[in-house]
Amino acid sequence: MRYSFLQLLKQGLSGQTGWPPAWRSPEPKRSYDAVIVGGGGHGLAAAYYLARVHGMRRVAVLERGWLGGGNTGRNTTIVRSNYFFPESARIYDFALRLYEGLSKELNFNIMLSQRGVLNLAHSEHDMELMARSVNAMLVNGIAVELLDAKQVRAEVPLLNFGPGARYPIHGGFVQRRGGIARHDAVAWGYARGADSLGVDIIQNCEVTGFRIEGGRVQGIETSRGAIAAGAVGLSVAGHSGVLAGLAGFRLPIQSYALQAMVSEPLKPMLNTVVMSPATGMYVSQSDKGELVFGGGLDLYPSYAQRGNLPVEQTVVAGLLEMFPAFRRLKLLRQWAGIVDVCWDYSPIIGPAPVDGMYLNCGWGTGGFKAIPAGGWLMAHLLATGRHHDISAPFDLSRFTTGRLIDEAAGAAIAH
Amino acid sequence: MLLIPCPWCGPRSEPEFQFGGEPATRPVPAAEVSDAAWGAYLYVRSNEKGPHRELWCHAGGCGQWFLMERDTVTHAVLRTHKPGAAA
């Protein structure tokens, strides 16, 4: 069913009883041309683009839990493409451009709000490094603006400009096209779009093994039976290492907990996303009025979807240092997702060491903003068996050749 | 918050410690190590879900390195021991 104002009116008049489910819950078939493991944003987007761009219809998405129940539903919903290296700028801006047209494309409101992403500088040295980053981004074709302290104060007057500020603000830079989107809607919109094109989305279906013959993947063993597959895509974020283990290889990835939290709701008072590498935190205000904020990774590898206290204290202290006015707020909720961190803080997209199997992982702390691109590029790999130009630099082989795309410094902060 | 038994100092709280990664053995001799083996040594980790062998440093205490077995799902510290002690 196409969502529209007329449909809303019609359903309203009939007591909201005629809405069909947004996607089916089919039984798994015995075989598919392509199977994507992981029903988060990346996996669902891959399925959607496989059907829409490449015309493949015998496609399934397998999800152990429920759609968007992992990192897609746990992130802080920030989208941006302000990256240092050309390869990164290309892939993240491709994602942002797709995000800009996504509500219309999917006929599903993802509530994209391009309210800008402001990064702060807290010393003259920060400002010099920031000017260098801004220059690199401009060369990459990403529109960003360097701001002095006065301009930052005009944009976000609530920031701590007091004489006692532990981290005085010297300036910052902003990407106006950055912002936030509704994370669940991204997963649901792609799921609905893929389903309407014939993709089978199978939830509560855990992958327990792979059938590999002659170095090529033939099928998948699942908690709901064996499924033959022409090609297999893995989009499972923090559990990439676990699935790689089932397929008999290892990855240059470590899984960490990344936590985030929300405050009680407030009236509108913060109209942009603010990031501060020095205080190790970032914050935005959701449409419901809650402050959504987070910081860096927890301190050691983890598969537990909860954050530890020392990092939570650091993040909250950073928030209060930057916004003293938030001191009396109550924390409403705190949680964590398991993120797959590569050494260079760039993703791995490309063929796996097993023929017919493809990887989309290693997004670490920043996978949400990349969902449309990750899905698009995975679909290209599954359909053609070859890299798209944009994904080629992110091949697994860079950990042998040494040609890393080191955004650890460029990205500056977890997000 | 973890309570970590430092093999030298006894139980201390997590903020005193620094995680040092999975132990890995440097392949030698350097001239004969392939790119793939060197890349694997530098970057590839077991990343176990469950019991996990790790190096830790009591950075805010005695400054010594030690080995720890820790469950990455429950965060339970299973045991710690000095390097070189029977694994």
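I started with chain B: strand S1 (residues 3-6) and strand S2 (residues 10-13) pair in the antiparallel sense over 4 bridges. Strands here are DSSP runs of E with at least two residues, helices are runs of H or I with at least four, and both are numbered from the N terminus. Pairing requires at least two DSSP bridges between two strands. With 3 residues between them, S1(B) and S2(B) form a hairpin. I checked one position: B:Ile4 stands opposite B:Arg12 in S2(B).

I noted the ground rules. This is a predicted model, where local features need pLDDT of at least 70, side-chain atom pairs count only at pLDDT 80 or more, and totals for chains, interfaces and linings use all residues. Residues are numbered from 1 along each chain as written, chains are lettered from A and ligands numbered from 1 in written order, and side-chain values use heavy atoms, without hydrogens and water.

Next, the interface. I found 24 residues of chain A in contact with 25 residues of chain B (heavy atoms within 4.5 Å). The two chains bury about 2,100 Å² between them, 56% of it on carbon and sulfur atoms; this is accessible area (1.4 Å probe) lost on being put together, summed over both parts. In chain A, A:Arg250, A:Tyr300 and A:Tyr303 lose the most area to chain B, together 29% of what that side buries.

I then looked for salt bridges across the interface and the rule finds 0 (side-chain nitrogen of Lys or Arg within 4 Å of a carboxyl oxygen of Asp or Glu).
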